[in-house]
Amino acid sequence: MSDAGYLLIFASRLLEVFGFLMALLFIFKGVALKHVFITAGLTVSGILISLFGFVSGKISAVQSFVIESVFAGFILALGFYAFKEKREEKLRPPKPPPKGTRCPVCMGFVKEDHYCVAREGKDLYYFDEEEHLKRFLEDLSEYKRLRKLNIKGIEDVFVKGWEGWKRVEIYLSELK
């Protein structure tokens, strides 16, 4: 085998490493688990097809590289789709509160026709009035202690009727 063949095999292995690193990136960035499994499946499939084909002599080093390049292209496209989906999920307004949801400030039931939401990561806290949301944000440490809530910090807020989420800092600065 020539030096070019060894370089192509080395490049193919680098593309396999790219697939595994992409799967790890998905895990650490909190992308949907289905995308992690699809990426891992594509990577393993590419390895098996190119490696066994090359070892058995049915495909050349160039064909092995092309196969790995195609699989890496699929993984890259999946990565763009997964991160786009994750971004859109974060921007999408929340669903109405489930029945029986109580406001953490007054402990009253939150109605579907008028509600406010505070988000910490994937956790949603529903409020029955915007005034309660504002009071909760201003005295967060006190409510955490009184209601024994496990909240690190609220990131975004939403009031029914808005087009999308607002950052807490922007919302509080608009109120003053």
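**Close-up views of a predicted model**

Glu16 is buried, at a relative accessible area of 9% (buried means under 20% relative accessible area, exposed over 50%, and partly exposed in between, with a 1.4 Å probe and protein chains only). This is a predicted model, where local features need pLDDT of at least 70 and side-chain atom pairs count only at pLDDT 80 or more, while totals for chains, interfaces and linings use all residues. Residues are numbered from 1 along each chain as its sequence is written, and side-chain values use heavy atoms, with hydrogens and water left out.

**View 1. Arg13 and Glu16 meet in a salt bridge.** Their side chains come to 2.9 Å, N to O; a salt bridge here is a side-chain nitrogen of Lys or Arg within 4 Å of a carboxyl oxygen of Asp or Glu. Both residues sit in helix α1, 3 residues apart, or about one turn of the helix. (Helices, H or I with at least four residues, and strands, E with at least two, are DSSP runs numbered from the N terminus.) Arg13 is partly exposed, at 23%.

View 2. A cavity is a set of points on a 1 Å grid over the protein atoms alone where a 1.4 Å probe fits but cannot get out, and lining residues have an atom within 4 Å of a point. Helices α1 (3-29), α2 (33-56) and α3 (61-91) each supply at least two lining residues, and α3 gives the most, with 4.

**View 3. The largest pocket has a volume of about 530 Å³.** Of its 18 lining residues, Glu89, Lys90, Arg119, Gly121 and Lys122 are the closest to its centre. A pocket is an open set of points with protein on both sides within 12 Å along at least five of seven lines. Helix α3 provides the largest share of this lining, 5 residues.

**View 4. Asp156 and Arg167 meet in a salt bridge of 3.0 Å, N to O.** Asp156 lies in strand β3 (residues 156-159) and Arg167 in strand β4 (residues 166-167), so the pair ties together parts 11 residues apart in sequence. Asp156 is buried at 3% relative accessibility, and Arg167 is partly exposed at 35%.

**View 5. Arg167 also meets Glu169 in a salt bridge, at 3.9 Å, N to O.** Glu169 is exposed, at 51% relative accessibility. Through shared partners, salt bridges join Arg119, Asp156, Arg167 and Glu169 into one network.

Key:
Grid points are joined across faces, edges and corners, and a volume is the space filled by probe spheres set on the points.
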